[in-house]
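Thanks for coming. I will go through the pockets and cavities of one structure, then a helix and a loop residue.

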Amino acid sequence: MIRKYRFGKPLETDAVVDKILAEVGNPPYLNTEENKAFTYRMDSDTAIYGLGQQVRGINKRGWLYASNCEDDPVHREDRHSLYAAHNFLVVDGKELFGVFLDYPTVLEFDLGYTDKDEIRIVPKDWNLDVYIIEGKNINDIVKQFRKMIGRSYIPPKWAFGYSQSRWSYMNEDEIREVVRNHRERGIPLDNIYMDIDYMDRYIDFTLSDERFPNFPDFVREMKAQNVHLVPIIDAGVKIEEGNEVYEEGVKNGYFCKTENGENFVGAVWPGLVHFPDFLNPVARDWFGHQYKFLLDQGIEGFWNDMNEPSIFYTQGHFEEVLDTISQLKGKELVQCDKDRLCDLVKNLSNNQEDYQMFYHNFNGEGEMIRHDRVHNLFGYNMTRGAGEAFEKLEPDKRILLISRSSYIGMHRYAGIWQGDNLSWWSHILLNIKMMPSLNMCGILYTGANIGGFGSDTTEDLLMRWMEFGIFTPLMWNHACIDTRYQEPYRFNDIEGFKNIMGIRYGLLPYLYSEYMKAVLRSEMMFRPLAFDYPDDSVAAQVEDQLMLGDGLMLAPVYQQNAKGRSVYLPERMMLVTMRSMTDYDTRIVEKGYHFIPAELNEVIFFIRENHVIPMSKGGCCVADVDFCNLDLLGYVTDQAVYELYDDDGNEKDYENPDHMIVINVTAEGEIIQEGTKKVFSIFK
Ligand code: GLC
């Protein structure tokens with residue numbers, strides 16, 4: 001049951017697709033402090049789940065969070081926001097309810113930070129829609145919410161393959177080299193992401209003639225090796241005569257405006273840029289159609305970046321800072337002067353005041369709305385523009401699309417990557433914790449930069465991270481310029497990487513099936529143990545294990561030098577310790593805490609009793625994987641039933657009942673299946 005309450009005159013965000021009539025009065029559960037805040041008193045056992053892309057734990061209690069889309073590459077636990085605004089929470093204590101605040105700008109969630117027993121949600125103004133969701137358990141609440149916000153994005157099947165990138169592979173030959181190194185060594189690979197240097201001086205919808213002289217041929221050459229190229233698109237359009245996108249945007253008034261009606265100017269990678277007014281449907285549609293430039297050259301996937309929007313500086317602020325600094329010339333700096341100097345320079349980027357300097361023709365209605373009132377919708381609508389344009393330009397094809405910034409609603413058009421993380425062990429854990437929170441908010445196609453983006457990785461970090469990354473729908477190794485190269489073949493144990501990554505391709509039938517079922521049924525693919533074992537008070541506190549789909553429990557190793565880890569089993573399960581698709585052990589482990597050994601090259605996971613998972617023999621790319629002859633790995637004492645979803649991975653007839661097969665496995669190993677399209681055997 002979902003109830004809606006309206007305060008003031010909220011701007012339409014299009015987050016919700018199943019429209020609900022607002023009720024009169026204040027929302028239940030919450031205490032409404034008119035024009036100020038919504039509050040809730042918690043008992044000591046109350047847990048809070050949600051907020052999608054955020055720092056800290058699965059249980060969000062005990063910190064001050066903000067929804068304020070920001071380009072901050074240092075995801076430390078003292079931060080309050082990352083790139084997204086996902087304003088959905090489930091409160092699980094003496095009462096159980098979900099709350100979604102549809103509010104397009106900065107929103108503060110004080111979840112037991114000021115007063116450890118109080119939730120305090122503070123919007124900047126009093127124009128918002130509040131939804132309260134009641135259900136029989138957490139999974140049910142999430143399902144109702146997800147139904148209300150509409151079906152999550154579905155990428156092509158090849159997008160579940162391994163993606164390799166770096167900022168940047170500088171030319172065709174460098175990419176050829178990366179592909180060759182994977183293929184020759186049998187390390188799986190499906191996609192190469194292309195960072196900003198493929199463009200001519202970072203200008204969107206251009207190609208560097210020097211670095212990529214024959215792009216359509218190069219795209220074809222890569223495709224012939226089953227490699228998809230996935231170029232980046234940035235939000236800012238370079239101001240330069242001759243840049244057609246710039247000229248067209250200026251001519252038609254498609255850019256964000258200042259108070260005086262001039263085109264707003266900021267600086268990003270290409271230098272000075274205008275920002276398309278993605279909140280104006282006409283401008284959004286126009287920008288979305290620019291992707292045709294690359295679609296026409298054979299490209300089938302994109303990543304949208306810098307769309308919070310990230311602004312390195314505005315000229316006015318830059319001049320001010322230079323003036324202030326020049327006044328310090330010849331002076332002796334004391335500590336506070338030095339700090340002020342550093343802050344001045346640091347605050348040039350993504351300065352909150354800059355977000356008050358431009359306006360949107362919001363929803364094309366003519367009324368100019370200042371950016372800071374709708375800040376969190378910008379990246380969402382950039383990506384929505386692309387998604388909507390793909391529906392027109394390529395109606396029969398799935399196009400891969402991920403975005404850095406997002407708001408609930410964007411999950412219908414694309415996935416996200418988890419931004420500029422660091423090569424830190426703690427960021428494997430952050431990656432683990434973010435998966436279920438994002439799933440709650442409809443974002444299923446996601447993963448983090450495996451190995452870490454900023455700072456230098458190590459072989460063991462990459463390997464342990466890969467052992468979790470093989471389970472995430474987006475499996476992407478990406479690194480920052482000037483960091484250590486981190487393609488798997490750069491390290492000693494190439495065989496180990498090849499084998500671990502091979503397990504991903506073995507698991508693909510299960511992972512794809514679980515992804516598709518989660519999308520089509522509005523369910524979560526990754527769940528905290530607390531959601532599936534609500535009566536188990538120990539399970540409720542486990543933050544480093546996840547349920548994955550129907551039958552798996554993950555317990556990744558995320559500590560350096562560890563030779564295993566403690567795992568809590570909420571019930572008896574089968575432990576699988578895999579070194580490769582052909583080299584693995586299984587054993588039954590009873591409910592309770594156990595130390596589970598896992599050498600550096602071993603992936604561990606658990607299969608629930610009376611569950612099976614379908615596996616392929618693997619392959620070097622998704623096209624190689626045989627989805628028809630499958631092995632069932634599992635632990636059946638009575639009977640296991642598995643619903644397998646599969647399709648060709650490109651078409652959009654998702655609801656076709658032929659895509660679903662039900663398989664029954666008896667304790668004796670007998671397999672009973674509906675339909676004859678696939679051949680199953682018991683995994684030996
Ligand atoms: C941003 C992106 C990162 C990319 C870089 C250069 O920091 O988040 O993924 O590599 O820009 O384009």
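**Pockets, cavities, a helix and a glutamine**

The lining of the largest pocket divides by class into twelve nonpolar, nine polar and nine charged residues. For the classes, Ala, Val, Leu, Ile, Met, Phe, Trp, Tyr, Cys and Pro count as nonpolar, Asp, Glu, Lys and Arg as charged, and the others, Gly among them, as polar.

Before going on, the source. This is a predicted model, in which local features need pLDDT of at least 70 and side-chain atom pairs count only at pLDDT 80 or more, while totals for chains, interfaces and linings use all residues. Residues are numbered from 1 along each chain as its sequence is written, and side-chain values use heavy atoms, with hydrogens and water left out.

Back to the largest pocket. Its volume is about 680 Å³, and of its 30 lining residues, Asp 71, Asp 72, Pro 73, Ser 349 and Asn 350 lie nearest the centre. The search runs on a 1 Å grid over the protein atoms alone: a pocket is an open set of points with protein on both sides within 12 Å along at least five of seven lines, a cavity is a set where a 1.4 Å probe fits but cannot get out, and lining residues have an atom within 4 Å of a point. Points are joined across faces, edges and corners, and a volume is the space filled by probe spheres set on them.

The second largest pocket holds about 410 Å³. Its lining has 23 residues, with Glu 523, Met 524, Arg 527, Gly 549 and Asp 550 nearest the centre. Two or more lining residues come from each of α1 (138-149), α12 (494-520) and β37 (639-645), and α1 has the largest share, four residues. Helices (H or I, at least four residues) and strands (E, at least two) are DSSP runs, numbered from the N terminus. By class, this lining has six nonpolar, five polar and twelve charged residues.

How many cavities of 30 Å³ or more are there? The count is six. The largest cavity has about 70 Å³ of space, and its lining includes Arg 464, Glu 467, Phe 471 and Leu 554. The elements giving two or more residues to that lining are α11 (459-469) and β34 (603-608). There are seven nonpolar, no polar and three charged residues in it.

Next, helix α2. At the N-terminal end, Asn 171 caps α2, with a side-chain oxygen 3.2 Å from the backbone nitrogen of Asp 173. Just after α2, Gly 186 has a positive phi of about 75 degrees.

Last, Gln 418, in the loop between β24 (415-417) and α10 (426-440). Is Gln 418 buried or exposed? It is buried, at a relative accessible area of 3%. Its side chain makes polar contacts with the side chains of Asn 431 (3.0 Å) and Thr 446 (3.1 Å). A polar contact is a pair of N or O atoms within 3.5 Å; within protein, one must be able to donate a hydrogen and the other to accept it, and residues adjacent in sequence count only if both atoms are side-chain atoms.

Notes: Buried means under 20% relative accessible area, exposed over 50%, partly exposed in between (1.4 Å probe, protein chains only).
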